[in-house]
Amino acid sequence: MSQSVNYNAVVTVLGKDRVGIIAGVTAVLAKLNINISDISQTILKDMFTMIMLVDTINSTYAFEKIREELKVLGEEMNLEIRIQHKDIFNAMQRI
Amino acid sequence: MFENFEILETINMFRNQHLDVRTITMGINLLDCAAESAETACRKIYDKITKQAEHLVDTADQISREFGVPIIHKRISVTPISLVAGASDIDNYFCFAEALDKASKAIGVNFIGGFSALVQKGFTDSDLKLFDSIPQALAETDQVCASINLASTKSGINMDAVALMGKIIKECAELTKDKDAYGCAKLVVFANAPDDNPFMAGAFTGVGEPECAINVGVSGPGVILAALKEVSGQSLDKVAETIKRTAFKVTRVGQLVAEQAAERLNVPFGTIDLSLAPTPVVGDSIARILEEIGVDTCGAWGTTAALAMLNDAVKKGGTMASSHVGGLSGAFIPVSEDEGMIAAVESGALNLEKLEAMTCVCSVGIDMVAIPGNTPTTIISGLIADEMAVGVFNNKTTAVRIIPVPGKVAGDKVVYGGLWGEAPIMNINLHGSTRFIERGGRIPAPIHSMRN
């Protein structure tokens, strides 16, 4: 990961691997005008794990609304989708 | 920029290890609500709390959603009511408890602490009125918590108050016997009570505190337990280091939430309480941490040493993670609220005497312990006196929250539900000290209190 990407939140997607997860999640983010600065994805024992660093600054939607949309998508696709402000990771993982 | 494992570790702590912020507690000064008319004073109290804390719950919920951090409780602590109500021309303070209860419900928090008095050196007239009002206040309100500071290292132990509390605890039990003496779960007595404790039932806003402040209590036994499973069989140096590192991360969550809450509510940040607070959920237990460290069952020989190390390592890690640490700060060992503690009592490994020893090195004391309902008042006072002495003579906070459940005997069990958990009725040594308790007076402050 480069040091210069702009992002203010982290989206994590956890669930059973299947066709169309990335397409489904990125479509919703695009609809909300959220830029994806970095994306990584692995599959551990059939468990799909995706981490996206995103920038919601240019989105016209409030953080609450974005969170709600992702939650609805998660329920539809049977995935756990979270969006969290990056400061929580800064707080816990950096001195 | 983060590595994937860092992000997943954080997610995992919230998702699988029960990491949460246990409480955001807003401390509110009520000294300016004193009035000659109790009715006026109560109205001012209600108005002030509902105005000051109007956005507390919404703000906490918003922070919770943005950061993905569960925030379990939103609470209020106020100036000890004995200090506020003293100006009023009234003998019974129940109306003050009612005002607090109504305000608490109006703003949507789940508890309000501060039906309190500080009597370590003696009673004011107002303190005595508050004492008399406690049983009714706890029986007839839902969300009000009471606490009394009976002793301090600077002042010694007010043994008249210790004797009186034995009776009041029994009265509380009797008035709430249809709910298994639930009133006693909302009443705690302290030695060296902190002014900025965010945890119930002992939260109140001390007189040196600002007009309003945000104090946050973190939790995290499940996270510590999971981290210790990774260093199974390794030396105690490694265990201490692992606890410290994990406590740092846990506390940083609290610090972030506290800063955000303070900023959004435009109220000063007070302190972070570094306590490891268990819940009855499996995997969120202090006792299980001690067992992971290596004692067979909580209460076995070695338990006090393991707990001392845990408590100390939590503080060391947490201190570096927060700009202001306060409250109780250490490991809590409530019996009914900790699945592993309950199991330890039921297996016979943990008794009250061992629990007392454990309180010498942890942050609170004999907490959420149910005993037979027919326990004499002087036995309860004796137990309190011992616990106060542990605090006063070791220069630390100790507390007693004991529940003599009417109609129950050792081996029975009472279920309070939710975070209060379920309490096995513990056997209590009935060899008493009535003559000691009945002497009254004050146990002088220890020699090491004279530091000037």
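Biologist: Why are helix α6 (residues 125-140) of chain B and α7(B) called roughly parallel to each other?

Modeller: The axes of α6(B) and α7(B) cross at roughly 25 degrees and come within 9 Å. Axes are lines fitted to C-alpha atoms, for helices over the stretch in contact, and angles run from 0 to 180 degrees between N-to-C directions. Angles under 35 degrees count as roughly parallel, over 145 as roughly antiparallel, 65 to 115 as roughly perpendicular and the rest as oblique. So α6(B) and α7(B) are roughly parallel. This is a predicted model, where local features need pLDDT of at least 70, side-chain atom pairs count only at pLDDT 80 or more, and totals for chains, interfaces and linings use all residues. Residues are numbered from 1 along each chain as its sequence is written, with chains lettered from A and ligands numbered from 1 in the order in which they are written.

Biologist: Which residues of α6(B) and α7(B) meet?

Modeller: Phe131(B), Ile134(B) and Leu138(B) are among those in α6(B), and Leu164(B), Ile168(B) and Leu175(B) are among those in α7(B). Contact requires C-beta atoms, placed from the backbone, within 7 Å. By class, this contact of α6(B) with α7(B) has nine nonpolar, one polar and one charged residues.

Biologist: Which strands of the chain A sheet are the edge strands?

Modeller: The open sheet of four strands has the order β2-β3-β1-β4 in chain A, with antiparallel pairing. β2 (35-44) and β4 each pair on one side only, which makes them the edges. Pairing needs at least two bridges found by DSSP. β2(A) and β3 (residues 47-55) pair over nine bridges.

Biologist: Where does the largest share of the side of chain A that touches chain B come from?

Modeller: 18 residues of chain A are in contact with 17 of chain B. α3(A) supplies the largest share of the chain A side, six residues. β1 (9-16), α2 (63-77), β4 (80-85) and α3 (87-93) of chain A each supply at least two. By class, that side has eight nonpolar, six polar and four charged residues.

Definitions and conventions. Contact = placed C-beta atoms within 7 Å. Nonpolar A, V, L, I, M, F, W, Y, C, P; charged D, E, K, R; others polar.
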